Amino acid sequence: MNKVAFVIGHNKNDKGAYSKYLTVSEWTFWNDFYNNYLSNLGDLFNHSLSSSYTSRQKSMYNLTKDYDLVFELHFNAGPLSANGVEALIYSGNNKMKIIAELYCKLMSDKLSLRNRGCKEKSSGNGFGFLNLTKGDAILLEPFFGSNKSDCNKYSHKEHALIIEDLINTYNKL
């Protein structure tokens, strides 16, 4: 059995995107999700309060270095027309590409979200987390908090079941 960690994107001072449709920030949304649905699947870590992105990522590396699989939880925000699910992985990690593609497919199939696919990162947003995590890492963006339809389709219960499926699949790879 592999050790699993969940990292909440952002921190209590920088709570990330705010969804007017869910009336909540990413940080609060994902902490509640973990506490109610994921606590039996792995350990929770929150980013440090440092204002430096690099120092937050290095701190998270130290906290999660003994874990095999690390999820970072976010939701997207953008123009009202932007929608769908995507997953970010470190470029070239074929094992995590399987997991990311499965994630997007399951979220799309079960919640009728547009499948934006797996994004392999070698720079830009999310790269620091993916690059500095010792174990296999994936950054989940299940929906756009700025899109009313995405918010209405999203289900914590279904999302938790999908994450459990991902962990089971990962353990078999």
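## Close-up views of a predicted model

**View 1. The largest nonpolar core.** The largest nonpolar core has 39 residues, and those with the most contacts inside it are Phe6, Trp30, Leu38, Phe71, Tyr103, Ile138 and Ile163; a nonpolar core is here a set of buried Ala, Val, Leu, Ile, Met, Phe, Trp, Tyr and Cys residues joined through side-chain atoms within 4.5 Å, where buried means under 20% relative accessible area, exposed over 50% and partly exposed in between, with a 1.4 Å probe and protein chains only. Two or more residues of this core come from each of β1, α1, β5, β6, α3, β8 and α6, and α3 gives the most, with 8 residues; helices (H or I, at least four residues) and strands (E, at least two) are DSSP runs, numbered from the N terminus. Apart from this core lies another, of 11 residues, among them Ala5, Met60, Phe129 and Leu130. The model is predicted, so that local features need pLDDT of at least 70 and side-chain atom pairs count only at pLDDT 80 or more, whereas totals for chains, interfaces and linings use all residues. Residues are numbered from 1 along each chain as its sequence is written, and side-chain values use heavy atoms, with hydrogens and water left out.

**View 2. Surroundings of Ile138.** Leaving aside residues up to four places away in sequence, Ile138 touches Val70, Phe71, Glu72, Ala87, Leu88, Ile89, Met96, Ile99, Ala100, Phe129 and Leu130, contact meaning heavy atoms within 4.5 Å.

View 3. A search of the whole structure finds 14 aromatic pairs, a pair being rings of Phe, Tyr and Trp (its six-membered ring) with centres within 6.5 Å, and planes under 30 degrees apart counting as stacked, over 60 as edge-to-face and the rest as tilted. The rings of Phe29 and Phe143 have centres 5.8 Å apart and planes at 70°, which makes the pair edge-to-face. Phe29 lies in helix α1 (residues 26-38) and Phe143 in the loop between β8 (136-141) and α5 (148-153), so that this pair links parts of the chain 114 residues apart. Phe29 is buried, at a relative accessible area of 9%, and Phe143 is buried at 0%. Trp30 and Tyr154 form another edge-to-face pair, at 6.2 Å centre to centre and 90° between the planes; because Trp30 lies in helix α1 and Tyr154 in the loop between α5 and α6 (156-172), the pair ties together parts that are 124 residues apart in sequence. Ring pairs link Phe29, Trp30, Phe33, Tyr37, Phe75, Phe143 and Tyr154 into a cluster.

**View 4. His159 beside the aromatic residues.** His159, in helix α6, counts as buried at 0% relative accessibility. Residues up to four places away in sequence aside, His159 touches Trp30, Phe33, Tyr103, Met107, Leu140, Pro142 and Tyr154; of these, Trp30 is buried at a relative accessible area of 0% and Tyr154 at 11%.

**View 5. Packing of helix α1.** Glu26, Trp27, Phe29, Trp30, Asn31, Phe33, Tyr34 and Leu38 are the buried residues of α1, and they pack against β1 (4-8), β3 (24-25), β4 (43-46), β5 (69-73) and α6.

**View 6. Strands β6 and β7.** Strand β6 (residues 85-90) and strand β7 (residues 115-121) run parallel and are joined by 6 bridges, where pairing requires that DSSP finds at least two bridges between two strands. Ala87 stands opposite Cys118 in β7.
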